[in-house]
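Here's a quick briefing for anyone meeting this structure for the first time. Take a look at it below, then read on.

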Amino acid sequence: MENPVVFMDSKDISSPAFSPGETNMTDEPGMSFSTGADSLGDIKLTGDDSGATASTDIKPKSIHRAKTWSDEVENLYRFQQAGYRDEIEYKQVKQVDMVERWPETGFVKKLQRRDNTFYYYDKERECEDKEVHKVKVYAY
């Protein structure tokens, strides 16, 4: 059986013959490849729609695990359950200015995951003592 994958050397492609529009290449019957871009400007290289650059991303300098429960650990637990490092990363990804919090306790009330589903949290503590050691505390 013949291998359907064809590898081409970059020397085999001439630049003037390249057309960024619809390109159909067939090596075997029933196999075609096309690019859906009308111009080179329409080709998207990254999946980042936010327009944020790497310089605005704040990266943590160090990390350690929580040893005892505190209000800070409780909120970090909630962010990490929703798939974020902490409040800073949540605000960068979701592009929000404020996170909804319970006014009585100051704990995070609602978070939106990356797949756009929501996590709703109670006013009371949700991070049990047996879960505290799993919480990562980041230092910037």
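Contact here means heavy atoms within 4.5 Å, and buried means under 20% relative accessible area, with exposed over 50% and partly exposed in between (1.4 Å probe, protein chains only). Helices (H or I, at least four residues) and strands (E, at least two) are DSSP runs, numbered from the N terminus. Keep in mind that this is a predicted model, where local features need pLDDT of at least 70, side-chain atom pairs count only at pLDDT 80 or more, and totals for chains, interfaces and linings use all residues. Residues are numbered from 1 along each chain as its sequence is written, and side-chain values use heavy atoms, with hydrogens and water left out.

**Helix α1 and its end**

- Helix α1 spans residues 71-81, and its buried residues are Val73, Glu74, Asn75, Leu76, Tyr77, Arg78 and Phe79.
- After α1 comes Gly83, which has a positive phi, near 100°.

**Aromatic rings**

- Rings of Phe, Tyr and Trp (its six-membered ring) pair if their centres lie within 6.5 Å; planes under 30 degrees apart count as stacked, over 60 as edge-to-face and the rest as tilted.
- By this rule there are five aromatic pairs.
- One of them is the tilted pair of Phe79 and Tyr90, with 5.8 Å centre to centre and 55° between the planes.
- Phe79 sits in helix α1 and Tyr90 in helix α2, so this pair ties together parts that are 11 residues apart in sequence.
- Phe79 and Tyr90 are both buried.
- Tyr84 and Tyr90 make an edge-to-face pair, at 5.0 Å centre to centre and 90° between the planes.
- Tyr84 is buried too, like Tyr90.
- Put together, ring pairs link Phe79, Tyr84 and Tyr90 into a cluster.

**Salt bridges**

- You'll find 10 salt bridges in the structure, each being a side-chain nitrogen of Lys or Arg within 4 Å of a carboxyl oxygen of Asp or Glu.
- Arg101 and Glu87 form one through their side chains, at 2.5 Å from N to O.
- Arg101 is in the loop between α2 and β2 while Glu87 is in helix α2, so the pair ties together parts 14 residues apart in sequence.
- Arg101 is partly exposed at 30% relative accessible area, and Glu87 is partly exposed at 24%.
- Arg114 and Glu89 form another, with their closest N and O atoms 3.0 Å apart.
- That pair links distant parts of the chain, with Arg114 in the loop between β2 and β3 (118-120) and Glu89 in helix α2, 25 residues apart.
- Arg114 is partly exposed at 44%, whereas Glu89 counts as buried at 15%.

**Charges over rings**

- A charge sits over a ring if NZ of Lys or CZ of Arg is within 6 Å of the ring centre and within 35 degrees of the ring normal.
- Arg85 has its charged end over the ring of Tyr138, 5.9 Å from the centre.
- Lys109 lies over the face of Trp102, 4.5 Å from the ring centre.

**Ala139 in strand β4**

- Ala139 belongs to strand β4 (residues 136-139) and is partly exposed, at 32% relative accessible area.
- Beyond its neighbours within four places in sequence, Ala139 is in contact with Pro60, Lys61 and Ser62.
- Ala139 and Lys59 are 80 residues apart in sequence, and their C-alpha atoms are 9.1 Å apart in space.
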